[in-house]
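Work through the exercises below with the sequence and the coordinates open. Each task is followed by a solution in steps.

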Amino acid sequence: MSQNKRRAITVISAGIFIVAMVMSFMLTPALADTASGETGTRANYGSVFYADGFIHEAKFNNFKKTFIIDISQYQTNVDFNKVYAAGIDGVILRVGYRGYKYGAFNADTSFDKYYTQAKAAGLKVGAYFFGQPDSLSDSTDETNYILALLKGRALDLPLAYDLEYATNDSGLTGRLYEAKFTKAQLTSIVNNFCSIVRNRGYEPMLYTGCSLLTTKMNGADLTCSVWIARYNEFVDYKCNYTMWQFTSTGKVDGVNGNCDVSVLYSEYDNGTGGVVPGEPLTDDTTASTSPSQPATQPTQPSQPVTQPSTQPTTQPTQPTVPVTEPTAPADPSQPVTQEQIPFIQMILDILLKAIALIAAFIPKIAALIAG
């Protein structure tokens, strides 16, 4: 092969490479703009992110954003000092759960130990309970059981009621699903939890999926903040929420395997050492007044909580066949085994990488032919 031909091939390959790089820089912000929000960055939190970033809704531009993980007994031997060093601000621990088939009440075996260790590491701590109520009175029983498990411990982050449909090989199932609540009924169940919990000095929160929130509840009538699960680069549902669980396969130092990671839109230090979910900030230190926020915040209980008299007199027995419980809270209408990166962006990324790869190998091929 002549020197001119080799030179031409080299020039062409360099041109392809330059075009690929330019396309990459041009397309990335264009894709981010589709959600009219603010792009995230992985520079500060490294392995927390499952993609190059994610997009906050524009309405959260003036909110403080902190990163929270939620874990249970399924995550073993957690090193909370490493979690804190990785840039995580807080952890929401599962305090217990309800069997979705038989309704057995169960305490999470890791809660007591993890609460102490997380607090010692300097992390903010909250709690959640996987509920499966089939009536309003049943939700009262669940709430009283949650409070009994907490034993008066102070929480820096909200106490969340995890309501979602369970699934098995046949599809949606469980006590909550079989109850076939109307929107008004399920909304009343959530508000019942919120009322009891707030009266005991805790900040209530609902955890659920976008689909359940928007189709099975009256979101505008809820009396607590909302923590939603949506495994995507941005939330593509129209709903009100103050915390977003964006992945169930996060990688965080100190946690073996995967864990759920969320971003909390909030401010710290509400005067009681807790967090006010959803109150906007004018900057990182000065809080603005939110008209929907109570003027006085609930104080943390100073005395241990005794077993409520409204605890069910007949405690459901544990079935002889183990109850299979969902291992990670999630939106049942969405896959939870992989992240849902937008299809168009995925195709463009593949094309760009292919072009760059071809450009890199053309000079080597030309050299071999010339040799």
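Predicted model: local features only at pLDDT ≥ 70, side-chain atom pairs only at ≥ 80, totals over all residues.

**Exercise 1. A tyrosine in a strand**

Solution. 
- Step 1. Take Ser72 as a reference point: Tyr128 and Ser72 are 56 residues apart in sequence, yet their C-alpha atoms are 9.5 Å apart in space.
- Step 2. Ser110 itself is in the loop between strand E5 (105–107) and helix H3 (111–120). With a relative accessible area of 7%, Ser110 is buried.

**Exercise 2. The sides of helix H3**

Task: find which residues of H3 are buried and which exposed residues are on the face turned away from them.

Solution. 
- Step 1. The buried residues in H3 are Phe111, Tyr114, Tyr115 and Ala118.
- Step 2. Their arc around the axis is only 105°, so they are on the same side of H3.
- Step 3. On the face turned away from the buried side, H3 carries the exposed residues Thr116 and Ala120.
- Step 4. The packing partners of the buried residues are E3, helix H2 (80–85), strand E4 (90–98), strand E6 (124–131) and helix H4 (136–150).
- Step 5. Just after the helix, Gly122 has a positive phi of about 95°.

**Exercise 3. Aromatic pairs and charges over rings**

Task: how many aromatic pairs does the count come to, and what is the geometry of the pair formed by Phe60 and Tyr241?

Solution. 
- Step 1. The count comes to 14 aromatic pairs.
- Step 2. For Phe60 and Tyr241, the distance is 5.3 Å centre to centre and the angle between the planes is 55°. Planes under 30 degrees apart count as stacked and those over 60 as edge-to-face, with the rest tilted, so this pair is tilted.
- Step 3. Locate the partners: Phe60 is in the loop between strand E2 (55–57) and strand E3 (64–71), and Tyr241 is in the loop between strand E11 (225–229) and strand E12 (243–250). They are 181 residues apart, and the pair links distant parts of the chain.
- Step 4. Phe60 is buried at a relative accessible area of 3%, and Tyr241 is buried at 5%.
- Step 5. Phe60 and Tyr241 form one aromatic cluster with Phe63 and Tyr265.
- Step 6. Compare Phe111 and Tyr115: their ring centres are 6.0 Å apart and their planes are at 40°, so this pair is tilted.
- Step 7. The charged end of Arg153 sits over the ring of Tyr115, 5.5 Å from its centre. Lys180 lies over the face of Tyr177, 3.7 Å from the ring centre.

**Exercise 4. Strand E11**

Task: which residues of E11 are buried on one side and which on the other?

Solution. 
- Step 1. Five of the five residues of E11 are buried.
- Step 2. In a regular strand the side chains alternate between the two faces of the sheet.
- Step 3. Ser225, Trp227 and Ala229 are on one side, and Val226 and Ile228 on the other; both faces are covered.
- Step 4. E11 pairs in the parallel sense with strand E10 (residues 204–209) over five bridges. Tyr207 stands opposite Trp227.

**Exercise 5. The nonpolar core**

Task: which residues have the most contacts inside the largest nonpolar core, and which helix gives the most to this core?

Solution. 
- Step 1. The largest core has 64 residues, and Ile69 and Leu159 have the most contacts inside it.
- Step 2. Helix H6 (residues 183–199) gives the most, with seven residues.
- Step 3. Apart from this core lies another of 12 residues, including Ile68 and Met205.
- Step 4. Beyond its neighbours within four places in sequence, Ile69 has contacts that include Val83, Ile92, Val252 and Val261.
- Step 5. For the chain as a whole, 48% of the 371 residues count as buried.

Definitions and conventions:
Residues numbered from 1 in each chain as written. Heavy atoms only, no water. Core = buried A, V, L, I, M, F, W, Y, C linked by side-chain atoms within 4.5 Å. Buried < 20%, exposed > 50% of the residue type's maximum accessible area, 1.4 Å probe, protein only. Helix = DSSP H or I, 4+ residues; strand = E, 2+ residues; numbered from the N terminus. Contact = heavy atoms within 4.5 Å. Phe/Tyr/Trp six-rings, centres within 6.5 Å; stacked < 30°, edge-to-face > 60°. Lys NZ or Arg CZ within 6 Å of the ring centre and 35° of its normal. Arc of directions from axis to C-beta. Pairing = 2+ DSSP bridges.
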